[in-house]
Amino acid sequence: MLRSSEEPLMLPVEAIELDAFRRRHHHDTFWCGLLLGSCGLQLTAKLTKP
């Protein structure tokens with residue numbers, strides 16, 4: 001995905017879904033889009049403990 005992309009991304013909420021997402025997209029990069037004035041920085045999928 002590119003910074004200039006207009007395609008939104010929703011990351012999984014559940015840990016098991018995040019693991020599957022990471023496996024499916026292990027070669028992809030995701031960015032905070034510039035379209036609506038966001039920062040344009042690269043995003044990481046990080047699992048936090050409750």
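**Close-up views of a predicted model**

**View 1. Lining of the second largest pocket.** F21, R22, H25, H26, D28, T29, F30, Q42, L43, T44 and A45 form the lining of the second largest pocket. Two elements, α1 (15–24) and β2 (42–43), each give two or more residues to this lining. The pocket has a volume of about 150 Å³. By residue class, its lining splits into 4 nonpolar, 5 polar and 2 charged. The model is predicted, and side-chain atom pairs count only at pLDDT 80 or more.

**View 2. The aromatic pair F21 and F30.** The count of aromatic pairs is 1. Its ring centres, in F21 and F30, lie 5.5 Å apart, and the planes meet at 35°, so the pair is tilted. Tilted is the class left between stacked, under 30 degrees, and edge-to-face, over 60. F21 is buried because its relative accessibility is 7%. F30 is buried too, at a relative accessible area of 13%.

**View 3. The cysteines C32 and C39.** How many disulfides does the structure hold? The number is 0. The closest cysteine sulfur to that of C32 belongs to C39, at 3.5 Å, which is too far for a bond. A disulfide needs the two sulfur atoms within 2.5 Å. Seen from C39, the nearest cysteine sulfur is that of C32, 3.5 Å away, and C39 is in no disulfide. Is C32 buried or exposed? C32 counts as buried, because its relative accessibility is 18% and the cut-off for buried is under 20%.

Note on methods. Residues numbered from 1 in each chain as written. Predicted model: local features only at pLDDT ≥ 70, side-chain atom pairs only at ≥ 80, totals over all residues. Heavy atoms only, no water. Buried < 20%, exposed > 50% of the residue type's maximum accessible area, 1.4 Å probe, protein only. 1 Å grid on protein atoms, 1.4 Å probe; cavity = no way out; pocket = protein on both sides within 12 Å on 5 of 7 lines; lining within 4 Å. Points joined across faces, edges and corners; volume = space filled by probe spheres on them. Helix = DSSP H or I, 4+ residues; strand = E, 2+ residues; numbered from the N terminus. Nonpolar A, V, L, I, M, F, W, Y, C, P; charged D, E, K, R; others polar. Phe/Tyr/Trp six-rings, centres within 6.5 Å; stacked < 30°, edge-to-face > 60°.
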